[in-house]
Structure formats: structure tokens, C-alpha cells
Amino acid sequence: MKSIPDGDGLRCTRAGAVATITIDRPERRNPLGLPGDGDWFATTAAALNADVALRAVILTATGPAFSAGGDLKAMRDRTGEFAGSPAELIDRYRHGIHRLVQALWGLELPLIAAVNGPAIGLGNDVACLADIRIAATPARFGATFLAVGLVPG
């Protein structure tokens, strides 16, 4: 696997024939879909697919949550990735969240989600993309999109 630079709170490491993708934003409960996430996951997935010596990929997170999904405060306040016109939002969604999901879906290696805590919204979607999910005792899964007025992914 060629060297994959860390993203903002995202990293990929390797031990033998297994690569591990870690979401490392514990202070915010490991949100996904932040600026640059789609690009980082697409680049990382392409590098993993190109490495013929790899046999599996583990997706996990640090802290008490696997991923709380999107940034609900930014959604509510229409800031950051959720600011702008509807056309701008759609474009960012397609090139951010959709790109992240498509990258994981396109992995040619078995993907194992090691779910250490709550996997909510996009966090749930990402965990469900895995071929195998291993859930720790505090893990919870929630597709809570309708509760915040969103259409599920």
C-alpha cells in the first residue's frame, strides 16, 4: 500500500495484510461528511484496491462513539457544509457524502466494521456498508434521518 496521508481526523494504517481506517474525531463523536472526507476516502479506497498484498480492511473509530453521522449543529444552523443555496448543498452532498459512501462500496477487499459505540445516521450507513460488522457492547445503530427532517441515504 503506498503511503496514504492522514485526513482531518482520518487515518489509514497497515499491519501485515490488513489495513485499518480509523475515524479519529472523538471530541465531536466522530462525525463524517466533513469537507475533504469524500476525497480522502476515494483516494484511500483506490490505494487499498491497488495493493494486491492486502486481504482485508477494518473500519473503526476512537473514543466512545463509532460515528454520530453528520454534524447536526451545522445542519440546524446552515453553516459549514450545510450553508448556501439548495444547488450548492446538493453539489457538496454528491462530492462529499456520496463520494465517501461510493468509495467504501467500491472496496474490492472485505470490509469489517469494528463498531465501538453508537453508529447513527451516516455512521450507521457506513457501518452497514461493511461485509461484516463486529459490535462492542455499547454499540447502537440508528437510522435517525427522519427525526431531523432528512431523507435517508
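**Overall architecture and local features of the predicted model**

The secondary structure of the protein comprises five helices and seven strands, where helices (H or I, at least four residues) and strands (E, at least two) are DSSP runs numbered from the N terminus. Along the sequence, these elements follow the pattern β-β-α-β-α-α-α-β-β-α-β-β. The radius of gyration is 15 Å, close to the 15 Å that the globule rule gives for 153 residues, so the protein is as compact as a globular protein of that length; the radius is taken over C-alpha atoms, and the rule is 2.2 Å times the number of residues to the power 0.38. The structure is a predicted model, in which local features need pLDDT of at least 70 and side-chain atom pairs count only at pLDDT 80 or more, whereas totals for chains, interfaces and linings use all residues. Residues are numbered from 1 along each chain as its sequence is written, and side-chain values use heavy atoms, with hydrogens and water left out.

Taken along the principal axes, the box filled by the C-alpha atoms is roughly 45 × 35 × 25 Å. Of the 153 residues, 41% are buried (buried, under 20% relative accessible area; exposed, over 50%; partly exposed, in between; 1.4 Å probe, protein chains only). Among contacts (heavy atoms within 4.5 Å) between residues at least 6 apart in sequence, 60% join residues at least 24 apart. The protein exposes about 8,000 Å², of which carbon and sulfur atoms supply 59%; accessible areas come from the Shrake-Rupley method with a 1.4 Å probe, and for residues only the protein chains shown count as cover. The mean positions of the 15 positive and 15 negative charges lie 4 Å apart. Here Lys and Arg count as positive and Asp and Glu as negative, while His and the chain ends are not counted; each charge is placed at NZ of Lys, CZ of Arg, CG of Asp or CD of Glu.

Helix 5 (residues 122–129) is mostly covered, with six of its eight residues buried. These are Leu 122, Gly 123, Asn 124, Val 126, Ala 127 and Leu 129. The cover over the buried residues of helix 5 includes strand 3 (56–61), helix 4 (97–105) and strand 4 (111–115). It also includes strand 5 (119–120), strand 6 (132–135) and strand 7 (141–142).

A search of the whole structure finds one aromatic pair. The ring centres of Trp 40 and Phe 41 are 5.1 Å apart and the ring planes stand at 85 degrees, so the pair is edge-to-face. Rings of Phe, Tyr and Trp (its six-membered ring) pair if their centres lie within 6.5 Å; planes under 30 degrees apart count as stacked, over 60 as edge-to-face and the rest as tilted. Trp 40 is buried at 9% relative accessibility, and Phe 41 is buried at 2%.

The loop between strand 2 (18–23) and helix 1 (37–50) contains Leu 34, which is buried with a relative accessible area of 11%. Leaving aside neighbours within four places in sequence, Leu 34 is in contact with Arg 25, Arg 28 and Glu 81. Leu 34 and Gly 9, 25 residues apart in sequence, have their C-alpha atoms 10.0 Å apart in space.

Arg 29 lies in the loop between strand 2 and helix 1. Although not a glycine, Arg 29 has a positive phi of about 65 degrees, and the residue is partly exposed, at 39% relative accessible area. Arg 78, in the loop between helix 2 (72–77) and helix 3 (86–95), has a positive phi near 55 degrees. The relative accessible area of Arg 78 is 45%, and the residue is partly exposed.
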